[in-house]
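Biologist: Hi! Could you walk me through this one?

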Amino acid sequence: METTAFFISLLVPFAALYYFYCKIIPSPRQQVAGYQLPPGSTGWPIIGETLEYLRTARNGVPEKSVADRRRKYSDGSCKVFKTSLLGEPMAMLCTAAGNKFLFSNENKLVKTWWPAIFEKLFSNTEKIDYSKQAVRNRKDIFPFLKPDAVRIHVRVMDQVTKRHFDTYWSSLDQEQVVKFHSLAKKYTLSLSCRLFLNIEDPQVIAKLEK
């Protein structure tokens, strides 16, 4: 109990100092005139709104965090709001127009980046240019999205889907509880193995899943 009180006594002034530094003392970005920030909140010092987002993600509904804030800051038509996730202030774009703006202006008005905590967790001896890496990844994926390739994929996906339903769903009773999340993961892994690795052996897929 004394140890807990000691850590709390250290945490409170630290959080207060951090809040004072970040909220009251304007940063260079806040001092720039002429910018109108979108509605929203950066939440708690340091952690921001990360915990709320992770909670909804753990429940399988990460979009609920976005939908709740869209309703909070407007009647649900909010197109963009500010927040703070993983220690980084950011803006969340909520519409197709926002996505189009991002992808059509990459390396022009915006560029790919990772939060600082990710760079520390997944640090590499080589300095990674995430913008170039993102472009390279899209070039690797593009052959799979060509019309001829898509036609082939659709046929394979249909075969894998039918096999999956025959194996895991057709024998279920009407009153039996369906563990949808685990079955969805099995299906996704089976499809990925078939499309990207050309693996169909159920035993090999089961080992990969384990």
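**Helix packing and charge pairs**

Modeller: Gladly! Helix 8 and helix 9 cross in a right-handed way (the near helix is turned clockwise from the far one by less than a right angle; helices are DSSP runs of H or I, at least four residues, numbered from the N terminus). This is a predicted model, where local features need pLDDT of at least 70, side-chain atom pairs count only at pLDDT 80 or more, and totals for chains, interfaces and linings use all residues. Residues are numbered from 1 along each chain as its sequence is written, and side-chain values use heavy atoms, leaving out hydrogens and water.

Biologist: At what angle do helix 8 and helix 9 pack?

Modeller: About 140 degrees, with the axes of helix 8 and helix 9 10 Å apart. Axes are lines fitted to C-alpha atoms over the stretch in contact, and angles run from 0 to 180 degrees between N-to-C directions.

Biologist: Which residues of helix 8 meet helix 9?

Modeller: Among them are His-153, Val-156 and Tyr-168, with contact meaning heavy atoms within 4.5 Å.

Biologist: Switching topic, how many salt bridges are there?

Modeller: The whole structure has nine, each a side-chain nitrogen of Lys or Arg within 4 Å of a carboxyl oxygen of Asp or Glu. One joins Arg-69 and Glu-49 at 3.2 Å, N to O.

Biologist: What does the pair of Arg-69 and Glu-49 tie together?

Modeller: Arg-69 lies in helix 4 and Glu-49 in the loop between helix 2 and helix 3, so the pair ties together parts 20 residues apart in sequence.

Methods. Helix = DSSP H or I, 4+ residues; strand = E, 2+ residues; numbered from the N terminus.
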